[in-house]
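Subject: Structure handover

Hello,

Here is the structure for your files. Please take a look, then read my notes below.

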Amino acid sequence: LRTAAMPDAPPVRLSEEGRTATWNPALTRASQVVLRVRGAGGALEERRSVNSGRARVREGEAIEGVVPAE
């Protein structure tokens with residue numbers, strides 16, 4: 001597993017392929033997080049998700065970061 005480091009982001013563990021991210025939801029007080037997802041075509045997209053501590057994206061996509069939603 002690799003670790004993603006971003007400013008203001010909780011420590012996130014990414015799976016080898018980057019499709020699954022896990023983090024401690026208590027480290028962010030936000031009820032939602034923003035996932036930074038790289039699509040199959042290479043475009044970067046931001047998606048909101050509930051701060052549950054786990055996220056997964058579709059085949060061919062990869063999570064590049066998780067930040068608290070403002």
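Let me start with one pairing. S4 and S5 run antiparallel and are joined by seven bridges. Strands here are DSSP runs of E with at least two residues, numbered from the N terminus. Two strands count as paired if DSSP finds at least two bridges between them. Within this pair, Val 37 faces Glu 45 of S5. The two strands make a hairpin, with five residues between them. Gly 42 sits in that turn and has a positive phi of about 100 degrees.

Some ground rules. This is a predicted model, in which local features need pLDDT of at least 70 and side-chain atom pairs count only at pLDDT 80 or more, while totals for chains, interfaces and linings use all residues. Residues are numbered from 1 along each chain as its sequence is written, and side-chain values use heavy atoms, with hydrogens and water left out.

On the other pairing of S4: this strand covers residues 32–38 and is joined to S7 by six bridges, again antiparallel. Val 33 is placed opposite Pro 68 of S7.

Together, the three strands form an open sheet with the order S5-S4-S7 and antiparallel pairing. S5 (44–50) and S7 (62–68) are the edge strands; each has a single partner, so one side of each lacks a neighbour in the sheet. On average, neighbouring strands are turned by 25 degrees against each other, direction ignored. The axes behind that angle are lines fitted to C-alpha atoms, and angles run from 0 to 180 degrees between N-to-C directions.

Now the whole chain. It has seven strands and zero helices (a helix would be a DSSP run of H or I with at least four residues). The radius of gyration is 11 Å, which agrees with the value near 11 Å for a compact globule of 70 residues. That radius is taken over C-alpha atoms, and the globule rule is 2.2 Å times the number of residues to the power 0.38. The C-alpha trace spans about 30 × 25 × 20 Å along its principal axes. Of the 70 residues, 40% count as buried, meaning under 20% relative accessible area; exposed means over 50%, and partly exposed lies in between (1.4 Å probe, protein chains only).

Glu 16 lies between strand S2 (12–14) and strand S3 (20–23). Its relative accessibility is 61%, so Glu 16 counts as exposed.

Best wishes
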